[in-house]
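Please open the model in your viewer and keep the sequence beside it, so that each stop on this tour can be selected in turn.

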Amino acid sequence: MTSSQAGTARICGEQDCNEHTNRPDHPLCYPHYLASQAGHIDECQNHPGVYKPSEYDICRSCYSQRRQPAQSTRTPASHQPHDDSRGWNRQPMTQPSTDLPPAVVEAVERVRRNLERRESVNHESNTIQFLIIPILRGLGWNDDDPDQVIKEYKPAGRQRFRQSIAVDIALLKNGVPETFIEAKRLDREHTTEYDDQLAKYASHLDDGIAVLTNGRFWQVYAVANGEPKFRRTIDVADGSAESVARELDRVLGRASPTASTQRQTSREAVAKPPNPEAIAENLRQYREREARARHRPAYTIFSNDTIELIAAKRPIDLGQLGNIRGVGPGTLAVHGTAIIKIVRGEA
């Protein structure tokens, strides 16, 4: 998400971040400032102002220059230096791969601009209009074709919960719904009620994909036999537009694999669905490890009440985490990234 003063703000110094800084005179945006305070990123030794992961001595640009072959002679394979860059010496892609529709990248960029608009925040229907529909169109879905996209879709033939439901958006292939999308306002925090609602909708899918999104965070669930299992969270505002577009296209693209292929891959690499009990237990274990490492009482890391609040509200970014009682700036800077990973089921 870009700053409202994008015309005057500088670009974040983290080498993979294209966001504007929150303060024009600061080299980093706020999330990467927290990462630097926690020791996850620091400056390149050769390029002051360029930040990279702390485990690397130099930035990607330095690796690229170091591995640049000589123009006059070719070094024999046996004399080539060992590549310790773990992929950092790869040249960045200048053109998107042919399998990625260019319209998807344009859609992601458009949605990032719309995230700053007040109209995108104040109503669920605006979330759909300004943040979701542009992505679907970029992915090849025609929202004017009822054989592809139906809004307020009402499944028929099942009364498992004995109440009529209406899914915000259903994506169909060959006339059969394979993806349900439930939209929420951009300014709404994630709650367990949303999960219960999504589970009701997913029960009307034999196999496919269920998505819970506020327009920025797309929480993707793989559905098998009507049961949703958490798969991943895609942040539209995080990383390059192309990388986000590729993730969205892989999951929701009009030309993405069929449901049977999706079902096979999702069962092979599905993440354990996050729930309040599991989150709370994982947070306690993390607190104990941190307390032992720092030779401090566990309650000084964060309290039991804070654990319960985090598990109940399940924040999915540092902004939401910082609004929880008991999470101060120090906790956010040192433990924020780890807590978010635990909540998302990534740790």
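Begin by selecting α9, whose buried residues are covered by elements that include α8, α10 (318-322) and α11 (329-344); keep in mind while looking that this is a predicted model. The buried residues of α9 to highlight are Thr 306, Ile 307, Ile 310 and Ala 311. They cover an arc of only 130 degrees around the axis, which puts them on the same side of α9. Moving past the end of this helix, you come to Arg 314, which follows α9 and has a positive phi, near 50 degrees.

Next, select His 295, found in the loop between α8 (276-294) and α9 (304-313). His 295 is not a glycine, yet its phi is positive, at about 55 degrees. Is His 295 buried or exposed? With a relative accessible area of 74%, His 295 is exposed, since exposed means over 50%.

Now turn to the aromatic side chains, where the structure holds three pairs. For one of them, select Tyr 153 and Phe 180, whose ring centres are 5.7 Å apart and whose planes stand at 45 degrees, so the pair is tilted. Tyr 153 belongs to strand β3 and Phe 180 to strand β5 (residues 176-183), so this pair ties together parts that are 27 residues apart in sequence. Tyr 153 is buried, with a relative accessible area of 16%, and Phe 180 also counts as buried, at 1% relative accessibility.

Glu 152 has a phi near 55 degrees, a positive value in a residue other than glycine, and with a relative accessible area of 47% Glu 152 is partly exposed.

For the last stop, select helix α3 (residues 102-114), which has 13 residues and reaches 19 Å from its first C-alpha to its last, close to the 18 Å expected at 1.5 Å a residue. Which residues of α3 are buried? They are Val 104, Val 105, Ala 107, Val 108, Val 111, Arg 112 and Asn 114.

Terms used
Residues numbered from 1 in each chain as written. Predicted model: local features only at pLDDT ≥ 70, side-chain atom pairs only at ≥ 80, totals over all residues. Heavy atoms only, no water. Buried < 20%, exposed > 50% of the residue type's maximum accessible area, 1.4 Å probe, protein only. Helix = DSSP H or I, 4+ residues; strand = E, 2+ residues; numbered from the N terminus. Expected span 1.5 Å × (residues − 1). Arc of directions from axis to C-beta. Contact = heavy atoms within 4.5 Å. Phe/Tyr/Trp six-rings, centres within 6.5 Å; stacked < 30°, edge-to-face > 60°.
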